[in-house]
Amino acid sequence: MSDTNPAGNMDVVDILTSDHQEMIALIGQIKGTTDESQRRDLADTLIAEVMRHAVAEEMYVYPAIEDHVPDGHDEVEHDKKEHQEIVKLMKRLEKVEPSEAGFMDLVNELEAQLSHHANDEESDQFPKLRLHIPREKLVDIGEKVQRAKKLAPTRPHPSAPHSELFHKTVGPGVGMVDRILDKLTGRHTDS
């Protein structure tokens, strides 16, 4: 996903919407190939991208929603539950080989969950963010999200809490361990 913001003009909504598009495109690539090695690499890349995106949202976007959007706390709790379901599903996908019959079923289920979650955010939450938060602050949040994605875990951890405090204190260490494991095992985590 986009790692830099050279023009400094993309706000967090632009960044997260682009992330959603890239995630769905990765799923399309998984579905578009019959090469099992390529499917595994693409699935691993997708899992890493979703993890980076979700962690960055939980660190910076959800607190902004809670602070600035009416009924933001309830929306964030709903989103965290969806994140937890997605993380559990990705953990299952991580353990299944592309040659197994259930692999594509899990990819399709993940596509449905990600599409639902992205649609909720893009049609409801993102317009509220733009309505209630000045553009300069949204750009600032976007920059923080980009930095957070560089340190975030690349593997699903279903037992980890979905909290800003956890991600800011323990998350970078977990992310570092994940990236070391990725290198040692040759796991693809970059799109």
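**Helix 7**

I started with the length of helix 7, residues 171-185, in this predicted model. Its 15 residues, at 1.5 Å a residue, should span 21 Å, and I found the end C-alpha atoms 21 Å apart, so expectation and model agree.

Next I asked myself which residues of helix 7 are buried. My list came out as Gly171, Gly175, Asp178 and Asp182. They cover an arc of only 60° around the axis, so they sit on the same side of helix 7. I then turned to the face pointing away from that buried side, and there I noted the exposed residues Lys183 and Leu184.

**Asp71**

Where does Asp71 lie? I placed Asp71 in the loop between helix 2 and helix 3. I also looked up its accessibility: the relative accessible area is 60%, and with the cut-off for exposed at over 50%, Asp71 therefore counts as exposed.

**Asp120**

I moved on to helix 4, where Asp120 has its place. Buried or exposed, I wondered, or something in between? Its relative accessible area is 22%; buried would need a value under 20%, so I wrote Asp120 down as partly exposed.

For its surroundings I set aside the neighbours within four places in sequence, which left contacts with His78, Glu82 and Gln125. I also checked Asp120 against Glu75: the two are 45 residues apart along the chain, and their C-alpha atoms are separated by 10.0 Å.

As a reminder to myself, nonpolar side chains tend to be buried together in soluble globular proteins. In this model the largest nonpolar core has 43 residues. Helix 1 (12-31), helix 2 (36-68), helix 3 (72-95), helix 4 (102-132) and helix 5 (135-151) each supply at least two of its residues. Which helix gives the largest share? I found that it is helix 2, with 13 residues.

I then asked which residues have the most contacts inside this core, and the names I wrote down were Leu46, Val61 and Leu129. I followed up one of them, Leu46. Not counting residues up to four places away in sequence, Leu46 touches Met23, Leu26, Ile27, Ile30, Leu110 and Leu114.

How values were computed
Residues numbered from 1 in each chain as written. Predicted model: local features only at pLDDT ≥ 70, side-chain atom pairs only at ≥ 80, totals over all residues. Heavy atoms only, no water. Core = buried A, V, L, I, M, F, W, Y, C linked by side-chain atoms within 4.5 Å. Buried < 20%, exposed > 50% of the residue type's maximum accessible area, 1.4 Å probe, protein only. Helix = DSSP H or I, 4+ residues; strand = E, 2+ residues; numbered from the N terminus. Contact = heavy atoms within 4.5 Å. Expected span 1.5 Å × (residues − 1). Arc of directions from axis to C-beta.
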